[in-house]
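Subject: Handover of a structure

Dear colleague,

Please find below the structure that I am handing over to you. My notes on what was found in it follow directly after.

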Number of protein chains: 2
Amino acid sequence: MIDYFEIVPVGFVRKDKEETWIEILEKYKDAILYLDRFSHIITLWWISEKDNENDRSTLQGKAMIRNATKEPPISGIFATRAPVRPNPIGLTIVKLLKIEENKIYIDRTDAFDNTPVIDIKPYIPKSDCILNTTLPDYFKPLTEKRIE
Amino acid sequence: MIDYFEIVPVGFVRKDKEETWIEILEKYKDAILYLDRFSHIITLWWISEKDNENDRSTLQGKAMIRNATKEPPISGIFATRAPVRPNPIGLTIVKLLKIEENKIYIDRTDAFDNTPVIDIKPYIPKSDCILNTTLPDYFKPLTEKRIE
């Protein structure tokens, strides 16, 4: 029986004062052909600083919600977007600005500089844009949809 | 230098004739507390059958688009949702029907029966629902947003 699966970095988040980009490793450069035809991409990244036994065995915590009108309860990690989780995979949907060589310029990301990127997928409304979602009331500041 | 990161299954997809559910491993059961307050969840799963050297080194292919009005070109894997990719992580956003004990009942999933699930996140409009996306013209059948 396999105990775990192996994930490899395909690139890294880079940030300077003005720009944010994903630098795809030379080895995976061919995988970005025509990605520039999409306005938005789903980025999956490895939350390196939470990749330790203690954080990976934390199963409950509070959702962090800016401008929350109501205190969120202690919840299961799967009911939050907390970085502390059994598999520390971050998911951020970002606006693609331009691609130059192996650099994918994006508008912003939660991920720190040098964070390993593990997958990139195009954002597709038919699978990813759900209009009629419901959320618990303490998530109210986050119910607005995105236009950017 | 670390060559790879370790991902563990947190549960498995189960399907019978009538229902589809995710069975969370006993060990991670506490992580689903209050998940039932969300109507939709993002599921990340491990595409086991594509976890081999050949598939993981395939960098280009055609997007599979049902009812495509135009033939998609050979594209980089990151510009498709193909299951063959450097890290075989599947991402499907599903409707949550009910939770009973460690079983999360969902409306459907692309994942086969017995597929390892590696993360579950709540679907949050403010981060995940983007209204003004653009896609290449061969993705036209998939530009419609979801109401369900």
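I begin with Asp128(A), which counts as buried because 25 C-beta neighbours lie inside 10 Å, where the cut-off for a buried residue is 20 or more. Please bear in mind throughout that this is a predicted model. Asp128(A) belongs to helix 2 of chain A, which covers residues 125–128. Setting aside neighbours within four places in sequence, its contacts are Tyr123(A), Ile93(B) and Asp128(B). Two of the residues named there, Ile93(B) and Asp128(B), belong to chain B.

As to the fold, chain A has two helices and nine strands. Their order along the sequence is β-β-β-β-α-β-β-β-β-β-α. The C-alpha atoms of chain A fill a box of roughly 45 × 40 × 35 Å along the principal axes. Of the 148 residues in chain A, 41% are buried. When contacts in chain A between residues at least 6 apart in sequence are considered, 68% of them join residues at least 24 apart.

The relation between the two chains is as follows. Chain B is superposed on chain A by a rotation of 180° with 0.0 Å of shift along its axis, at an RMSD of 0.0 Å. This is therefore the relation of a two-fold axis. Both copies use the same surface, in that 100% of the contact residues of chain B recur in chain A.

The contact itself draws 62 residues from chain B and 63 residues from chain A. On the side of chain B that touches chain A, the elements giving two or more residues are strand 1 (5–7), strand 4 (40–46), strand 6 (74–76), strand 7 (89–100), strand 9 (116–122) and helix 2 (125–128) of chain B. Strand 9 of chain B gives the most to this side, with five residues. By residue class, this side of chain B consists of 38 nonpolar, eleven polar and 13 charged residues.

Strand pairing also links the chains. Strand 1 of chain A (residues 5–7) runs antiparallel to strand 1 of chain B, and three bridges join them. In this pairing, Ile7(A) has Phe5(B) as its bridge partner.

Apart from neighbours within four places in sequence, Trp45(B) is in contact with Val13(B), Gly90(B), Ala111(B), Thr115(B), Pro116(B), Val117(B) and Ile118(B).

Finally, two asparagines deserve a look at the backbone. Asn67(A) is not a glycine, yet has a positive phi of about 60°. Asn67(A) sits in the loop between strand 5 (60–62) and strand 6 (74–76) of chain A. With 7 other C-beta atoms within 10 Å, Asn67(A) is exposed, since the cut-off is 12 or fewer. Asn114(B), likewise not a glycine, has a positive phi of about 75°. Its place is the loop between strand 8 (103–106) and strand 9 of chain B. Asn114(B) has 11 other C-beta atoms within 10 Å and is therefore exposed as well.

With kind regards

Terms used. Residues are numbered from 1 along each chain as its sequence is written. Chains are lettered from A and ligands numbered from 1 in the order in which they are written. This is a predicted model: local features need pLDDT of at least 70, side-chain atom pairs count only at pLDDT 80 or more; totals for chains, interfaces and linings use all residues. Helices (H or I, at least four residues) and strands (E, at least two) are DSSP runs, numbered from the N terminus. Two residues are in contact if their C-beta atoms, placed from the backbone, lie within 7 Å. Copies are superposed by least squares on the C-alpha atoms of residues with pLDDT of at least 70 in both. Ala, Val, Leu, Ile, Met, Phe, Trp, Tyr, Cys and Pro count as nonpolar, Asp, Glu, Lys and Arg as charged, and the others, Gly among them, as polar. Two strands pair if DSSP finds at least two bridges between them.
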